[in-house]
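Biologist: I have a model open and would like to learn how to read it. Could you walk me through a few features?

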Amino acid sequence: MTTNKAVLKFVEEAKNLCKPENVVWVTGEEALYEQLREEACKTGEMIKLNQELLPGCYLHRSALNDVARVEGRTFICCKNKDDAGPINNWMDPQEAYAKLGEIFDGCMKGRTMYVIPYSMGAVGSKFSKIGIEITDSIYVVLSMHIMTRDGDKVLEALGDSEDFVRGLHSKAELDEEKRYIVHFPEDNAIWSVNSGYGGNVLLGKKCFALRIASYLGKNEGWMAEHMLIVGIQNPQGEIKYVAAAFPSACGKTNLAMLIPPEIYKKKGYKVWTVGDDIAWIRVGEDGRLWAINPENGFFGVAPGTNMHSNPNALLSTKKNSIFTNVVHDLDNNTVWWEGMDTPAPTNAVNWRGEKWDASKYDKQDKSTYGAHPNSRFTAPTVNCPCLSDQFEAPNGVPLSAIIFGGRRAKTAPLVYESRDWNNGVFVGSSMASETTAAATGAVGVVRRDPMAMRPFVGYNMADYFAHWIEMGKKITNKPKIFNVNWFRTDENGKFIWPGFGDNLRVLEWILARCENKVDAREVPIGYIPYAKDINIEGLSITEDTVEDLLSVDKETWKEEAKGIEEFYAQFGDRLPKELRAELETLKSKLN
Ligand code: OXD
Ligand code: MN
């Protein structure tokens with residue numbers, strides 16, 4: 001426990017509102033987690049898996065109506081509606097407190113309220129920030145234990161300070177109609193109710209480390225980004241770090257844990273994971289950008305993860321992990337999902353908790369799936385075989401490059417480099433991708449997703465763009481900004497680029513550009529590689545295919561420029577003039 005008055009007041013107020021039967025503080029002692037695991041297994045909230053094959057691992061099933069983030073029910077509640085901007089849902093803070101207050105009132109009757117002190121970033125580092133999450137869900141307590149640094153050591157680091165994010169969560173009745181994920185950036189507070197799905201309830205992640213932190217970053221002069229951080233070690237042993245933003249489910253975790261192709265391995269290339277989802281980025285004393293991963297675990301999408309696509313992610317889940325909404329293999333009490341490289345179990349239960357017949361599986365028919373397409377694992381970062389030795393570095397790692405990307409079948413080339421910082425911000429601001437299963441709503445529709453932050457900016461997106469432009473003025477030693485697209489398709493809709501580990505070939509070009517070791521060709525959208533400079537040794541594609549992958553079709557891009565202009569229109573005068581100018585430059589270069 002603590003004597004911190006602000007923490008005690010926060011807990012007291014939550015107690016008075018939610019009226020739990022009792023209150024348990026998460027101290028960090030293993031005995032408490034063990035007791036909670038046992039309790040969750042008794043009530044059916046979790047299933048203990050085969051402890052020989054998967055030590056410390058559990059299976060959880062969410063409610064059927066509660067399997068993804070709910071962007072339509074996610075709100076930014078600041079006093080002035082314009083400060084939330086045209087992309088976010090907005091609610092007046094007083095109205096939100098009143099409306100949710102009613103839902104929270106008495107919602108924990110007969111239940112235990114858990115108080116989780118947690119740190120985003122290494123405990124005590126000046127890069128880190130502290131949160132307290134109050135919840136009535138054991139699943140949340142145990143998942144936060146994996147995803148963050150939690151317990152008494154965090155309260156010690158907090159001391160008497162009032163500087164912590166106040167997070168209140170209740171699964172309440174899991175009522176979809178009363179489900180709200182609400183942020184109060186001006187009060188450093190998050191209220192989440194009627195959901196039990198990770199992205200809505202593990203408040204340290206999207207809610208704090210992106211939405212609230214992006215707001216704090218704007219005010220304090222740093223950046224909270226939806227980016228992986230990865231280190232590439234060359235045969236000389238030098239490691240260069242890049243941060244990359246992709247919309248949800250574009251293979252971010254795969255890139256963060258990339259396995260070099262054989263020929264690269266032989267030469268001595270290695271890849272080190274710092275983070276797979278979120279980066280907090282500051283300007284260092286040396287004028288470079290430095291990034292930390294504020295999380296302590298991976299909340300990865302299970303389907304498609306296998307020993308070929310991402311062995312490091314799969315191996316990360318082999319102990320002390322929680323699986324949500326995957327297939328339960330009853331024969332050996334383990335888990336399975338679509339895209340696993342072992343045969344489907346014959347005696348199994350699907351994510352809905354029903355007996356599952358794998359032989360009826362039909363890709364076109366979701367009702368036949370064993371695992372939910374957005375089923376997840378929560379795995380400790382320490383399990384990752386390629387975890388960077390800089391993972392705990394209090395000041396993070398220096399960035400050589402920032403990479404944006406998305407899923408574009410035709411428009412964007414395999415890779416291009418922006419002309420300078422502001423042009424790079426333009427590239428990030430106009431990013432687009434096809435929607436995926438990570439968020440509820442239509443799948444396969446193209447949507448603009450600036451810096452992959454569309455669902456995660458805690459204030460007006462136009463001001464967020466302005467913040468990027470402002471940051472550029474402070475970085476004396478700027479990383480270069482690139483855009484990649486692994487997802488170009490041929491006339492049959494097949495991916496042209498092999499992707500996965502072979503993406504290292506593109507990263508190699510990017511790093512060579514950062515060190516001025518390779519030339520590039522100027523095209524209207526920026527600089528692209530000469531095809532010969534993308535190493536295709538050992539691949540079955542030819543230099544002509546690379547030429548194709550790098551092609552920039554002016555007519556397609558004129559359409560793209562129109563799309564950007566339409567997207568920008570909603571920001572009105574708040575859009576930074578620098579971005580307007582970049583758009584005009586693009587248009588004139590295309591003519
Ligand atoms: C996620 C996401 O990381 O949806 O879960 O971006
Ligand atoms: Mn994400």
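Predicted model: local features only at pLDDT ≥ 70, side-chain atom pairs only at ≥ 80, totals over all residues.

Biologist: Let me start with a pair of helices: does α12 pass α13 in a right-handed or a left-handed crossing?

Modeller: The crossing of α12 past α13 is right-handed. For the geometry, take the two axes: helix α12 (residues 421–429) and helix α13 (residues 461–474) come within 9 Å of each other, and their axes cross at roughly 155 degrees. Angles over 145 degrees count as roughly antiparallel, so α12 is roughly antiparallel to α13.

Biologist: Which hand does the crossing of α2 and α5 have?

Modeller: That crossing is left-handed. The axes of helix α2 (residues 30–43) and helix α5 (residues 138–147) come within 10 Å and cross at roughly 140 degrees. α2 and α5 are therefore oblique to each other.

Biologist: Now the ligand. How many residues surround ligand 1?

Modeller: A residue counts here if one of its heavy atoms lies within 4 Å. For ligand 1 there are 8, and the closest are Arg69, Lys206, His226, Ser248 and Arg376. Sorted by class, that shell holds 4 charged, 2 polar and 2 nonpolar residues.

Biologist: Which distance separates an oxygen atom of ligand 1 from an N or O atom in the side chain of Arg69?

Modeller: For Arg69 the distance is 2.9 Å. The side chain of Lys206 also has an N or O atom 2.9 Å from an oxygen atom of ligand 1, and for the His226 side chain the value is 3.2 Å. As for cover, ligand 1 taken alone exposes 210 Å², of which the protein buries 93%.

Notes:
Residues numbered from 1 in each chain as written. Chains lettered and ligands numbered in written order. Heavy atoms only, no water. Polar contact = N/O pair within 3.5 Å; in protein donor to acceptor, adjacent residues only side chain to side chain. Areas by Shrake-Rupley, 256 points an atom, 1.4 Å probe, with all protein chains shown as cover. Nonpolar A, V, L, I, M, F, W, Y, C, P; charged D, E, K, R; others polar. Axes fitted to C-alpha atoms, helices over the stretch in contact; angles between N-to-C directions. Helix = DSSP H or I, 4+ residues; strand = E, 2+ residues; numbered from the N terminus. Parallel < 35°, antiparallel > 145°, perpendicular 65-115°, else oblique. Left-handed = near helix turned anticlockwise from the far one by under 90°.
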